[in-house]
Amino acid sequence: MTDFSGLRVAVDIGGTFTDTVLVNDDGTVLATTKTPTTPENPTNGALEGVEHVLQVSDADWSGISGFIHGTTLATNALIERQGAKVAAITTEGFRDILEIGYERRYSQYDINLQKPDLIVPRELCFTIGGRMDVHGHQRADLDEAALPALVSALQRSGAGAVAICLMHSYANPSHELRLRDSLQKALPELSISLSHEVSPEAREFDRLCTTIANAYIQPLMARYLSEFQERFSAVGLTCPILMMTAGGGMTTVETAAALPIRLVESGPAGGAILAAHIAQRAQAGSVLSFDMGGTTAKLCLIDNYQPQSARKFEIARAERFIKGSGMPVRIPVLEMIEIGAGGGSIASVDRLGRVQVGPLSAGSEPGPAAFDKGGTEPTVTDADVLQGLIEPASFAEGRLTIKPDLASIAVGQAVGGPLSLSAVEAAAGISEIVDENMAGAGRMHAVESGKDLGARTMIAFGGNGPLHATRVARRAGVRRILIPRDPGVGSAVGFLFAPVSFEIVRSRYARLDSLDVSDISRFFDTMTEEAEAVVRAGAPVGELNYTRTAFMRYHGQGHEIEITLPDRSLEAGDIETLRLAFEAEYSRQFSRSVPGMEIEILNWSVQVASRTSEADAIAKTTAQGSAKPDRSHDILCEVSGERRKASIYDRGNLGPGQYIEGPALIVEPQTTTYVSADFTAAIDGDGNIILERLEGQS
Amino acid sequence: MSAIPQTRLQVMWNRLLAVVEEQGQALIRAAFSPIVRESGDISAGIFDLRGRMLAQAVTGTPGHINTMAEAVKHLLDRFSIQNMQPGDIYMTNDPWLASGHLNDFLLMQPVFHKNRVVGFTSCTSHLADLGGKGMGPEGSDIFDEGLLIPPCKLVDRGEIHEFLMEVVKANSREPIANEGDIYALIACCETGATRLAGMMEEFGLDDLDPLADYIIETSYKGTLDAIAEVPKGVYHSTLNVDGYEHPITLCATLTVADDHITLDFDGTSRCSDKGINVPLNYATAYSVFALRCIIGPDIPNNAGSLELFRVTGPKGCILNAQRPVPVAMRHSLGQMTPDLAYGCLSQALPDMVPAEGASCLYDLPLRHTPEAARDGGTTFALELVYNGGTGARPSSDGLSATAFPSGVWGSQIETTEAVAPVLITRRELREDSGGAGKYRGGLGQHIEMESATDEDFLVFLSVERVLFPAAGRHGGEAGAKGRIRVGHDGSDLPSKGEIRVPAGTPLVVATPGGGGFGPVLERSQRDVTRDLKSGIISEKAALGTYGYRGAGDDK
């Protein structure tokens, strides 16, 4: 056995597969594996995966000095409603925070819409007297006399977990803490989540929802994590396990067990972290990551090698891709938009004669019609097959037989027939629509973030990302695309580049003009101390990065702008600096500032993160001339609308510096990169494919 | 068949719809007026050279549907296309041209492509204050209500008309916010113009005609098909509403013909002396919205889908108010027109139309007292928005405390208390307020709030359904009426007027419930049990109204 030390392993448990990656101390990938996820006990699949990569690398448990784990278990428990029975306790007078929400319908013309199920039914919503005001001053003391009745009501309800969310608790948590102590004493088995710990931000509906979601998965995740840890130490793992969070950082198992809501959506976060790492090596400061799989496509904006972050997302949407139809969760997350567009997305024609693609998906079972596994509805993959963009013989290393005639029947019947188009014409239409949907969603996302897509490099991965990248990029105005190596794997590798980090966002309302800087400095000190303690548990030594942020807006506006603060206590002189920084950022986003308008600050955040080493830039390559095609294939070129011969290249045969003109297909086991006629492709020093749009193409 | 493939036309249509959504987002994000950012009270659209609307953003409130389309036609009559230059932008807030009251400003910009005008972008947004008596029903004519700007050129070849901007600011209590909102409107127009020209470049279009024809023909045909499914006939309905000085009767006649639908308001009461009158453009917007929720809701708003819905009314009736009557609070009654239209439509489509709902927003504009401003007390202005219950639907209960027909967002207590000196002490669903029926109406809510300081505050009310509840449909019962008091023992107040809330005394508001659908005795015992268990209905109502037979009887 080789004497390995300083090994690091990442395990990403997804819905279908568990991905495991083993790297050595300089980050070189030693082994990767994909094993089936074992839903009855996901730890089994994880153990199998790690044992496998150790075995093929001839390494030993004792050599592992870093272990990073991400799982969809928390997400799935929320989506599939497999969590605990949760009760909620709010301030007296506010039993219906959940029922009332934002008083809004998420779909304007849908008379029959149903609101999302927010986990806790009204009969499990309880209240207790006591009131804090917006400044955290007590208006009425906690009604301790009412506690015995509350305890017995909870007992009768059979709830195993409780979410406590009292008015303005982010400003003064003392009532929540006292209530927890009393309940814990009376009901020691009860799992309790406190809103000021889970999500200390103003807006009672969002905070309550987040606390409920946390309470709902807390018993399950605590059990899972403790068993996971025990099983791995039993076989010889000696290092601590770190958990991947939605914010793109890692945290300890203890923090994860207390705040499991932070684990939700950690898989996609890994993909964005990987894209950010590649962006840094490729020195691409402004990036759009594009991850298109079988069911959905995910887009993330990455600036200066940092994926865009947000403080809110939605889970369990009643209408999967409609904003506002889900349960809001307010925690720090990497912001991604998800569109119901993947290879399996089903195409149809609506009663106006418009082609619709997705969000329904044929998934992997029965899959696209061309897979001949029983699927009869036309999908995006079928359309790609008909346009010649998927070479039947090389698809999935030949393990899956592609039958273009079945694709032709499905597309012809469902789309071609109603529109009097041939199957191939209909296929081109399906592609146009789905590519426009993705590009449109990306443009909209950029606008909502005050950003632009045009100057970005797209980093495309996932099973269908490289195939649709040029077509989506053209519509989004993007001219440069990077296809990384092994574009089908991603998240697990991304975990290995994540820092140990923790972010706290907390509300404290202030007007900039009258900002009490010493008060805010004390406020920051407390937050920093809390975040630091969490990070130090996972990264006991080494330097830490601190990022302080204020969320500011003009008085009366609804949209807050993030302004980075200096990493030190604020001084009186900083107020003017902050005003200037806000006005500059506001002007950047909205073309002008509004002189004379008062500025207010709603939230403040601290992020503490272990320092990760910067990725080195990719070595320059020298041009090696045109690559030699392995064979060719007939395609329908979407640029000219005509049939053309496309050269086919096996990716494994391409070397740095080689150059390819479109139209061409670059095939590899998990995917195909389509080089459209208006693009060229070149291989960089890392083996990435760089696609560039030809000059003169608008 | 045109030379452009149909799927390409569809892609371009999708792109136009994306452009108007982008325009809408640009406007909402930069807006200052709270109702704009909380409720998306805006409109953004793209028009062809003939002034036909091709696409409109789906935003928070239906109050602008098609109002903009008429306004653009009017501006095109007034200003000749030949004289338009790149960077020109036109503007008006005339309620009878724009959107029913002075606060709504409409801008229109010609879009240039290859050195000639190819179409227009337009948008509407609510400005915070235009002077006069402000947002309230107290004006006795339009001149009392503030500044009216007739159609004019706001921006001339990229240069803003400074004097005009000064006039708008000088006539407002919120000059900085107004200026910010006008710049947001300009940015919205420019975003649309840039994107539209870019799209024409990308798709190699010289003009919009083939695309415009495709969008309008497709939508027209789709709407025609949808109308064909509605039984032909003439249907009448009447709705009694609170009004201001006295109750008002709204009347409608819906005629479903083979190739169009008309709604006429003949028989409706005359205008009020107070600012609750509704210009026809606004009454049209809300009633057409309601009809389109049932008839072809999947077809986007444009000249093709909208031209088949025609709304008329005798001049001078309260739903076709004529100059110079006051119109500031035109939304109070405007939001009731869906219930009026549904009264007709439910006769044609009994299984598709919901019962009446609370409908009118319970917005509570709060302000400091005059003496607070004079004596250096706390000054503030805040518009809180609450809702009652929606009517029960043909196959499900109504939604509790939810906006319909408007699409506003309610406010959160913690953020409200951060920006204004009020303390909200209760906000809970109102037991038994949903009209009983096979499907129950949505519940209203109880709201209690008081001054957070030792100062009084003022409320400017203009709500509905305090005298007349939301009626049930097909045997369903009415929802609870709205109720407004100062202090728990205070007497019931009318739905409109100014209220002074003394320090230490709560303002107590109960919003109305929605009407029920179908006979109450057809409600499943399982639903009754669930409502009883969760406190949606009282035991008394369960036993009395619902004929509850006790737990365990789950039929």
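**Conventions.** I number residues from 1 along each chain as its sequence is written, and chains are lettered from A and ligands numbered from 1 in the order in which they are written. The model is predicted, so local features need pLDDT of at least 70 and side-chain atom pairs count only at pLDDT 80 or more, whereas totals for chains, interfaces and linings use all residues.

**Entry 1: overall dimensions.** I began with chain A, which has 16 helices and 35 strands; helices (H or I, at least four residues) and strands (E, at least two) are DSSP runs, numbered from the N terminus. Along the principal axes, the C-alpha atoms of chain A fill a box of roughly 80 × 65 × 55 Å.

Chain B has 14 helices and 19 strands. Its radius of gyration is 24 Å, close to the 24 Å from the globule rule for 555 residues, so chain B is as compact as a globular protein of that length. I noted a box of roughly 75 × 65 × 40 Å for the C-alpha atoms of chain B, taken along the principal axes.

**Entry 2: burial and contacts.** I took a residue as buried if 20 or more other C-beta atoms lie within 10 Å of its own, exposed if 12 or fewer, and partly exposed in between, with C-beta atoms placed from the backbone. Buried residues make up 53% of the 698 residues in chain A and 61% of the 555 residues in chain B.

Two residues are in contact if their C-beta atoms, placed from the backbone, lie within 7 Å. Among contacts in chain A between residues at least 6 apart in sequence, I find that 67% join residues at least 24 apart. In chain B, residues 24 or more positions apart account for 75% of the contacts with a separation of 6 or more.

**Entry 3: where the chains meet.** I recorded 65 residues of chain B in contact with 55 residues of chain A. Among the elements of chain B that each supply at least two residues to this side are α1 (6-30), α5 (175-202), α6 (209-228) and β14 (422-429). Helix α1(B) gives the most, with 14 residues.

**Entry 4: domains of chain B.** The domain assignment, which is automatic or from a database, gives domain 1 (6-220) and domain 2 (354-523). Their centres, taken over C-alpha atoms, are separated by 32 Å.

**Entry 5: two helices.** In chain A I examined α12 (residues 423-448), whose 26 residues reach 37 Å from first C-alpha to last, close to the expected 38 Å. The expected span is 1.5 Å times one less than the number of residues. Of the 26 residues of α12(A), 23 are buried. Just after this helix, A:Gly450 takes a positive phi of about 65°.

In chain B, the 15 residues of α7 (residues 280-294) should span 21 Å, and the end C-alpha atoms are 22 Å apart, which agrees. As 15 of the 15 residues are buried, α7(B) is largely enclosed by the rest of the structure. B:Gly296 follows α7(B) with a positive phi near 70°.

**Entry 6: strands.** I took two strands as paired if DSSP finds at least two bridges between them. In chain A, four strands form an open sheet of mixed pairing in the order β29-β30-β32-β33. The edge strands, β29 (631-636) and β33 (672-675), each pair on one side only. β32(A) (residues 664-667) and β33(A) run antiparallel and are joined by four bridges; A:Val667 stands opposite A:Thr672.

In chain B, β1 (residues 42-48) and β2 (residues 53-56) pair in the antiparallel sense over three bridges. B:Phe47 has B:Met53 as its bridge partner. The two strands form a hairpin with four residues between them, and B:Gly51 in the turn has a positive phi of about 80°.

**Entry 7: backbone exceptions.** Most residues other than glycine have a negative phi, and most peptide bonds are trans. I noted a cis peptide bond from A:Gly358 to A:Pro359, with omega near 0°; A:Pro359 is found in β22(A) (residues 355-361). Another cis bond joins B:Phe404 and B:Pro405, with omega about 5°.

A:Tyr305 is not a glycine, yet has a positive phi of about 70°. With 19 C-beta neighbours inside 10 Å, A:Tyr305 counts as partly exposed. B:Arg465 also has a positive phi, near 65°, and counts as buried with 29 C-beta neighbours inside 10 Å.

Conventions. Rg over C-alpha atoms; globule rule 2.2 N^0.38 Å.
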